Amino acid sequence: MNFKVIHQKALRTAKRLHEAEAEMILVLQEVDEIEGYLHLGYTSLSAYMIGSLKFSEAGAHHFITVCRKAKKVPELQSAIQQGNISISKRSEEHTSELQS
C-alpha cells in the first residue's frame with residue numbers, strides 16, 4: 001500500500017473523528033441539561049463520562065469545559081458543529097481560554 005492511499009485513509013478517519021467529537025458535544029449538553037447521569041447512579045457528568053463512557057479524567061474535563069462553554073457561546077457551538085474547530089485541536093491550543 002503506497003503512502004497516498006494511507007494518507008487518504010487518514011483524512012477520512014480524521015473527518016469521522018471530528019464529526020464524532022461534534023456529536024459528542026451535543027449529546028453531552030443534553031445529558032448535562034437533564035442530569036441524565038443520575039439515572040445511572042453517577043453523581044456528576046464527569047463521573048458518568050469516566051465510568052460509563054470510558055473517558056480519561058483529562059478528556060472528560062476538557063469535553064465538559066467545551067460543551068458548557070459552547071452552550072453559552074453560540075459562535076463556538078456553530079463553529080464546532082460546522083467542523084471549523086476540532087475539539088482535539090481546541091484542547092491543545094485553548095484550554096485556558098475555555099476555562100475563563
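Helices here are DSSP runs of H or I with at least four residues, and strands are runs of E with at least two, numbered from the N terminus.

1. First, the ground rules. This is a predicted model, in which local features need pLDDT of at least 70 and side-chain atom pairs count only at pLDDT 80 or more, while totals for chains, interfaces and linings use all residues. Residues are numbered from 1 along each chain as its sequence is written, and side-chain values use heavy atoms, with hydrogens and water left out.

2. Do look at the two loops. Lys54 sits in the loop between α2 and α3 and has a positive phi of about 65° although it is not a glycine. Its relative accessibility is 66%, so Lys54 counts as exposed (over 50% is exposed, under 20% buried, and in between partly exposed, with a 1.4 Å probe and protein chains only).

3. Glu35 belongs to the loop between α1 and α2 (45-51). Phi is positive here too, near 50°, and at 40% relative accessibility Glu35 counts as partly exposed. As background, most residues other than glycine have a negative phi.

4. Helix α3 has 16 residues, which should span 22 Å at 1.5 Å a residue; the end C-alpha atoms of α3 are 23 Å apart, in agreement (the expected span is 1.5 Å times one less than the number of residues). Its buried residues are Ala60, His62, Phe63, Ile64, Thr65, Val66, Cys67 and Ala70.

5. Now for the packing of α3 (residues 57-72) on α4 (residues 74-81): the angle is about 120° and the axes are 5 Å apart. Axes are lines fitted to C-alpha atoms, for helices over the stretch in contact, with angles from 0 to 180 degrees between N-to-C directions. The pair is therefore oblique (under 35 degrees is roughly parallel, over 145 roughly antiparallel, 65 to 115 roughly perpendicular and the rest oblique).

6. In that contact (heavy atoms within 4.5 Å), Val66, Lys69, Ala70, Lys71 and Lys72 of α3 meet Pro74, Leu76, Gln77 and Ile80 of α4. These residues divide into 5 nonpolar, 1 polar and 3 charged (Ala, Val, Leu, Ile, Met, Phe, Trp, Tyr, Cys and Pro are nonpolar, Asp, Glu, Lys and Arg charged, and the others, Gly among them, polar).

7. Helix α1 (residues 3-34) also packs with α4: their axes come within 8 Å and cross at roughly 135°, which makes α1 oblique to α4. Ala22, Ile25, Leu26 and Gln29 of α1 meet Gln77, Ile80 and Gln81 of α4. The contact of α1 with α4 has 4 nonpolar, 3 polar and no charged residues.
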